[in-house]
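This report covers one protein model.

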Amino acid sequence: MCRKGKELSLRDRYFIEKSLKRGLSVKEISGVLGVTRACLYYEIRKGTVVQMDTHLRECKVYKADYAQMKTATNVANRGRKVKYGSDSSLLCDICDCLRKKYSPYASIVLCGADGCICEKTIYNYVRSGRLPGITYLDLPYMKKAKKSNVKPAKIVVPKEYSIENRPKEISKRDSFGNWEMDTVYSAKDNLSALLVLTERKTRAEMVLSIRRRTSEEVRLALVRIEKRLGTKTFRKVFQTITSDNGVEFKRYDDLERSMYSSHNRTKLYYAHPYCSGERGSNENQNRMIRRWIPKGDDIGMYSRAEIEDICSWMNTYPRKMFNGKSSIEMMMDDLTVGNFSQTEISKILEICNCDYSCFTNLSRE
């Protein structure tokens, strides 16, 4: 799978550097990152530096920081070259005329630059800040540049990701590993939010803080879980994830793709628009979060410890549907039957903000 139109990030470059040290081939690395081999060869050539090894011999190695620095320099140098620098004597004379309330045309005539520079160039230089000390307020008739009304391309999710194509047995809630996903936020203009994951059978909860409601933040949150559990365990725990049609979940390919393997880490499905009942467990769990974080409160004001306490409270809450048992107890039964190792169970409970001692205390009661 090739991700078209996306440049490599610093995280991707660190992954390339680490993979090359481990001896992975270009084909394997390109498969994980979703880029072509030609792109990867160019990236390695761009970021290769000459260093001295332990035997004081010169060797060529790829460095992510050096490649990122060269990329930033190339991006800064994009576009048409500037005809006149800010220290040009002609521009200094024009700036003096503009400060005396002359128009760009009058300034050009007074400086004797008619035919060398045009009014449009002066206006462009003012907008881009190339005339020191001159803003659009210093010109008699200039207005702010109009903002582009071009809307970003709408992401269309393929039909095979619809909840209609989800296996029917998932609706019965008989098997562990099928989750629902949503975000909880205070207001539309508030950046901080919570990513909420609810297991359909046991109602186990994972609550993670994200800086803003974007697809990139959701992807990074799943990457953090995958890094803590390991790709193999992640696939066993998160077999499927069902979400709504929010813009933060539209990047289905990024959410499914594993950062540490060439195979996808989970399978994503989307509920129908305006059908929150198709993610009923998720919505009910969000109502429990609202007991502690009412609507209108700024989620960014809540500390990480407070969010973890809320998640732990929800997972240890006695539930009538389970005859007084909590979600964490129900999940422990499934993890034990599912042949999860003690280390895997410990990591899963850690993300749910519970531990073995907490579970032991609940069992004694």
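Lys-267 sits over the face of Tyr-161, 4.1 Å from the ring centre. Lys-267 also lies over the face of Tyr-269, at 5.6 Å from the ring centre. A charge counts as over a ring if NZ of Lys or CZ of Arg is within 6 Å of the ring centre and within 35 degrees of the ring normal.

| Charge | Ring | Distance to ring centre |
|---|---|---|
| Lys-267 | Tyr-161 | 4.1 Å |
| Lys-267 | Tyr-269 | 5.6 Å |

The model is predicted: local features need pLDDT of at least 70, side-chain atom pairs count only at pLDDT 80 or more, and totals for chains, interfaces and linings use all residues. Residues are numbered from 1 along each chain as its sequence is written, and side-chain values use heavy atoms, with hydrogens and water left out.

The protein chain has 15 helices and seven strands, taken as DSSP runs numbered from the N terminus (helices H or I, at least four residues; strands E, at least two). Of its 365 residues, 42% are buried (under 20% relative accessible area, with a 1.4 Å probe and protein chains only; exposed is over 50%, partly exposed in between). Among contacts with a separation of 6 or more, 61% join residues 24 or more positions apart, where contact means heavy atoms within 4.5 Å.

Six aromatic pairs occur in the structure. In one of them, the rings of Phe-234 and Phe-238 have centres 4.7 Å apart and planes at 25°, so this pair is stacked. Rings of Phe, Tyr and Trp (its six-membered ring) pair if their centres lie within 6.5 Å; planes under 30 degrees apart count as stacked, over 60 as edge-to-face and the rest as tilted.

Helix H1 (residues 10–22) and helix H4 (residues 64–76) have axes that come within 8 Å and cross at roughly 145°. Axes are lines fitted to C-alpha atoms, for helices over the stretch in contact, and angles run from 0 to 180 degrees between N-to-C directions. On the H1 side, Leu-10, Arg-13, Tyr-14 and Glu-17 meet Ala-64, Asp-65, Ala-67, Gln-68 and Thr-71 of H4.

Glu-217 belongs to helix H8 (residues 215–229) and is buried, with a relative accessible area of 6%. Beyond its neighbours within four places in sequence, Glu-217 is in contact with Ile-210, Arg-211 and Arg-212. The side chains of Glu-217 and Arg-211 make a polar contact at 3.0 Å (a pair of N or O atoms within 3.5 Å; within protein, one must be able to donate a hydrogen and the other to accept it, and residues adjacent in sequence count only if both atoms are side-chain atoms).
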